[in-house]
Amino acid sequence: MENFDIIVIGSGMGGLVCADLLGREGFKVCVLEKNKQIGGTLQTYVRDKVIFDSGVHYLGGLSKGQNLYQIFQYLGIMDKLKLQQQDVDGFDKILIEGDDNEYVFAQGYENFIQKLLIHFPDEEQALRIYCDKIKEICDKFPLYNLRSSNDFNEKSGVLEIDTKAFIDSITTNEKLRGILAANNALYAGQADKTPLYVHALILNSYIESSWKCVDGGSQIARLIAKNIRAQGGEIIRNCEVKKIVEENGVASYVELADGSRMYAKQFISNMHPVKTLEITDTPLIKNAYRNRLKSLENSVSAFTINIVFKKDTFKYIKHNYYCGREGYVWTTADHTEENWPLGYAIFCGASSKSPEYADGLSILAYMRYDEVAAWQDTFNTVAQVNDRGETYNQFKTRKAEILLDAVERKFPGLRDCIKSYYVATPLSYRDYIGNGDGSLYGIVKDYKHPLKTFISPRTKLPNLYLTGQNLNLHGILGAAMSGIVTCCALLGNDQIINKIRNA
């Protein structure tokens, strides 16, 4: 079988970025993807001729010169993407049950402040402290600003700040405290755990500029894949890696589900680090390290309803909604069977078919993996179709109706617009994304133990590297940056960062 310089296991954003960047550096790269569709959370699927995103509902940092723009510009895809900027005066709108106001998060920091001052006229000082702190923290992360720096001390001073504690410190207004944290479903925020840097890096990206992919985010994966092939690389789908085999102190080959082997000089795994170690049989990776990674908590999963609308019944909205019950903003994932959902998010897909009416809508609410544990021994994807059984279908329908009832309270008449709907649970995310428990954002970050959840791209096998959202930050921007980190580690220098900055 053909030998490659580098094999990349998994075609999530981190893996694709690695393959594209290293192809540009002259390496012969092969990407192996177990699913029918590449892209990880960039995957889309079509129901009743409507495109739904599986995970990427909106993107930040895509205005000229901003960080994700520069990455896409260097990859040569920026001008080919079909994008739509969200409403400048409100990319996210916050709703609270029992409160008729819409609290708006606007693009641009001054705009952000002014829009919130409408409802909180006495809180200008708090809002300015908040925005200044967000910008200050973001400036401490060199890679986020596409700067080359190996000085860990630059950011070490801001790693041990708790998001909730910081927000509580700048205002005594309980309503404002709740609003500033209200879209924390973007990072599965937890009180006394989520570091402020996670909140800051993600929120800053959207405040700078907020965008939707028209007709779905899979276009990003397709365009990067085209680059990889144009550079002489290969992408093999429906190709599951079962083992990474070490010989003489280095990764030698991967063994596939059909028993065949593929050899390379270097290997990059875009799988969850725990999954990577599970399939890597070597005494060089000590049990202490394996157990440390296994002990890290994964973020919560989700229950999602994807709605197909009757034609021209639901007006398109150029923003997202986050709705919750007052007082539960930090404990939305701690729901019970009786009070679920404590909150939900609404994303309206941008379609090229009609600028005025939406053809689909996604509603996302937290769901823990233990809630679907009864069916955890089942597996179902497009490539490997299996019925999870009637009790599972009944569970999905019951939960969907409860969630629709909750949304209908804020959006009366929504049900009248529905032609059909389709449901995804933590098992869907698990089977398509390939993590063990359907986790939305991978490993949970903890301000009390910041270094514990920073995972190096290097392993004890000198030619096996890690990449993906679990390394430093999740999301398309975070995963893309993890790809850059991995490439810098493999190449032994950070020249790629300078190339991207100057693209």
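A188 lies in the loop between helix 7 (174-180) and helix 8 (196-208). In this predicted model, A188 adopts a positive phi of about 50° although it is not a glycine, and, with a relative accessibility of 9%, A188 counts as buried. A positive phi of about 50° is likewise found at D48, again a residue that is not a glycine. D48 belongs to the loop between strand 3 (44-47) and strand 4 (50-53), where D48 is partly exposed, its relative accessible area being 35%. A further backbone feature is the cis peptide bond that joins W340 and P341, for which omega is about 0°; P341 is placed in the loop between strand 16 (320-324) and strand 17 (343-348).

In one of them, formed by F112 and Y130, the ring centres are 6.1 Å apart and the planes meet at 15°, so the pair is stacked. This pair links distant parts of the chain, since F112 is in helix 3 (residues 109-117) and Y130 is in helix 4 (residues 124-139), 18 residues apart. F112 is buried at 0% relative accessibility, and Y130 is also buried, with a relative accessible area of 0%. Both residues are members of one aromatic cluster, which is formed by Y58, F91, F105, F112, Y130, Y206, Y322 and F347.

Contacts between charged groups and rings were examined as well. The charged end of K135 sits over the ring of Y109, at 4.7 Å from the ring centre, while the charged end of R47 sits over the ring of Y422, at 5.7 Å from the centre of that ring.

Key: Residues numbered from 1 in each chain as written. Predicted model: local features only at pLDDT ≥ 70, side-chain atom pairs only at ≥ 80, totals over all residues. Heavy atoms only, no water. Phe/Tyr/Trp six-rings, centres within 6.5 Å; stacked < 30°, edge-to-face > 60°. Helix = DSSP H or I, 4+ residues; strand = E, 2+ residues; numbered from the N terminus. Buried < 20%, exposed > 50% of the residue type's maximum accessible area, 1.4 Å probe, protein only. Lys NZ or Arg CZ within 6 Å of the ring centre and 35° of its normal.
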